[in-house]
Amino acid sequence: MKKAWFPKIPVIPFEGPESDNPLAFRHYNPDEVVDGKTMKEHLRFSIAYWHSFRGAGTDPFGGPTICRTWEAKGKPMEVAKKRLEAAFEFFTKLSSPYYCFHDRDIAPEGKDLAETNRNLEEIAGLAKELQKATGVKLLWGTANLFSHARYMCGAATNPDAAVFVHAAAQVKQALDITKELGGENYVFWGGREGYETLLNTDLKREMDHLAAFLHLAVDYAKKIGFKGQFLIEPKPKEPTKHQYDFDVASGIAFLRTYKLEKHFKFNIETNHATLAGHTFQHELEVAGGAGLLGSVDANQGDTLLGWDTDQFPTDLKEITLGMYTILKYGGLGSGGFNFDAKLRRPSVDPIDLVYAHIGGMDTFALAWKTARRLLKDGVLAAFVKERYASYDSGLGREVEKGKTDLEALAKAALKQGEPESRSGRQEYLENILNRYLYR
Ligand code: XUL
Ligand code: CO
């Protein structure tokens, strides 16, 4: 790459937990081999193009606060190219093996769809070169079907079929370039696939249309030989009042209703989980239990704010519990940990972006190490196993195997008397967790 866009930022070294160098990793040691794989390969970190390279600090009350050097001058396509070079320099300096983008993040819209498509194709060509030169790979691609005014009433769920058609064209090209760039997954986040009011909405028809849209994508992927994993990213609301992919449980019902469950897994985002009134771990448990754990959008919300603040993740307890569930279910497969997180509005310097990612990566690396110890020692698992032991034999076993009936159980209940009261030991277990978190 020709020019250093982050001249003051070195390749971030690993210096260990005792280091007080703010520009060093304390827990993420990309090259350390653990169980035959490097930490880089285990953790599969990814940087989100939209926040880190398109985010400018705007909020509903104010315009941009952040202006990077590569954005300062030039035509949109020239800026897009400089931005892409800056991004790959950043990915490399942070030892992030992956990145993710929406089609419209990397290339500007043209005067019509044909020009927009050409812009994207050209920029994707440059992305391919930069991927080759740096070894950074594409974790997933997606299409932005929510920013443009045409999508104000949804994309696949828009009442106007012409908008559905436009969105389909966008997904077709996004799939083409994701395949071309070796993307390992493809994400659908239905930001505007929901409604503002039921007064003007045919909910059933909209959900049918969303399913039809996803089937079209699955069929096209098959046709072009795209082998990546399709992912649904649930979120209950924002920007819509109600989004159809509300949470993992409603997502599973949707996928099964429309016979899509073989083709999709879930991309679970921490802040979306909390917006749905769940914990991050809850969403991972529901997906893991259904064998549909796909990938993670790593961030965190703010308990005092009711919207998607997309902060960089620093909450060790929340992430360790999530990581515990992920490891318990055998990991994320082709997924990874994508930092779908943005700087706070006053964090205007390039170095803030570096601190933010160091913090996020170190939080996940430490959480991963702690969760591995928790699993290896088996303290929580042993307690849970014992708690359900009555289902391992006798009547409990018959219930699980579907080999009993209500009459037999009613008879047994008369015989066995009142069930014994047994403690759930929550406080004891919380103390154990703290011993692992803060030792
Ligand atoms: C929005 C969000 C998206 C998706 C990709 O809340 O999380 O950025 O991750 O469209
Ligand atoms: Co996300």
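View 1. A cavity is a set of points on a 1 Å grid over the protein atoms alone where a 1.4 Å probe fits but cannot get out. Its volume is the space filled by probe spheres set on the points, which are joined across faces, edges and corners. Lining residues have an atom within 4 Å of a point. Here they are P234, K235, F246, I268, E269, H272, A273 and E283. Strand β10 and helix α9 (270-275) are the elements that give two or more residues to this lining. Helices (H or I, at least four residues) and strands (E, at least two) are DSSP runs, numbered from the N terminus.

**View 2. The largest cavity has a volume of about 100 Å³.** Of its 14 lining residues, F188, W189, G190, E193 and L210 are the closest to its centre. Helix α7 (residues 203-224) gives the largest share of the lining, three residues.

View 3. Strands β10 (residues 264-269) and β11 pair in the parallel sense over four bridges; pairing needs at least two DSSP bridges. E269 has D297 of β11 as its bridge partner.

**Notes.** Residues are numbered from 1 along each chain as its sequence is written, and chains are lettered from A and ligands numbered from 1 in the order in which they are written. In this predicted model, local features need pLDDT of at least 70, side-chain atom pairs count only at pLDDT 80 or more, and totals for chains, interfaces and linings use all residues, while side-chain values use heavy atoms, without hydrogens and water.

Technical notes. On a 1 Å grid over the protein atoms alone, a cavity is a set of points where a 1.4 Å probe fits but cannot get out, and a pocket is an open set with protein on both sides within 12 Å along at least five of seven lines; lining residues have an atom within 4 Å of a point.
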